[in-house]
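I opened the model to look up its sheet and its charged pairs. My entries follow.

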Amino acid sequence: MAETTLRPIPDRVRFSLRCARTPPAMLPARPLTSMVEGPRAALWLGPDEWLWLGAAPPEAEGLAAIDISHRHLGFALEGPSGAVALNEGCPLD
């Protein structure tokens, strides 16, 4: 029987991005979506907030970036029951 595991993943640079205007093209504009380009990823968190993973964030007018690497940890949840385990502690379906 295959096992489900939870393990820490290596540290990554993480930024909280805020933008009161229309977001730059490299950021997802629809709720609960993400964009991945090589080692970088942008995750939509709210109407004016994104989580940026990877290298330094993009520079654009009206875009504020705050380094939050020190307050976030990453984990990999792998195995056949991973989705079930995650769903137990997550309000989003």
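Is Asp48 buried, exposed or partly exposed? I looked it up: Asp48 has 28% relative accessibility, so it counts as partly exposed. The classes are set by relative accessible area: buried is under 20%, exposed is over 50%, and partly exposed lies in between (1.4 Å probe, protein chains only).

Two notes on the source. This is a predicted model, in which local features need pLDDT of at least 70 and side-chain atom pairs count only at pLDDT 80 or more, while totals for chains, interfaces and linings use all residues. Residues are numbered from 1 along each chain as its sequence is written, and side-chain values use heavy atoms, with hydrogens and water left out.

Entry on salt bridges. I found that the structure holds three salt bridges. The term requires a side-chain nitrogen of Lys or Arg within 4 Å of a carboxyl oxygen of Asp or Glu. Asp48 forms one with Arg18, and their closest N and O atoms are 3.0 Å apart. Asp48 sits in the loop between β4 and β5 and Arg18 in strand β2 (residues 14-19), so this pair ties together parts that are 30 residues apart in sequence. Arg18 also meets Glu49 in a salt bridge, at 3.7 Å from N to O. Because Glu49 lies in strand β5 and Arg18 in strand β2, that pair links parts 31 residues apart in sequence. Shared partners join Arg18, Asp48 and Glu49 into one network. Arg18 is partly exposed at 37% relative accessibility, and Glu49 is partly exposed at 23%.

I then looked up Glu78, which forms a salt bridge with Arg7, the closest N and O atoms being 3.3 Å apart. Glu78 is in strand β7 (residues 75-78) and Arg7 in strand β1 (residues 5-8), so the pair ties together parts 71 residues apart in sequence.

Entry on the sheet. I read off an open sheet of five strands in the order β3-β4-β5-β2-β6, with antiparallel pairing. Its edge strands, β3 (34-37) and β6 (63-67), each pair on one side only. Strands are DSSP runs (E, at least two residues), numbered from the N terminus, and two of them pair if DSSP finds at least two bridges between them.

I checked β3 and β4 (residues 40-46), which pair over four bridges. Ser34 has Leu43 in β4 as its bridge partner, and Glu37 stands opposite Arg40. β4 also pairs with β5 (residues 49-53), over five bridges. There, Trp44 has Trp50 as its bridge partner.
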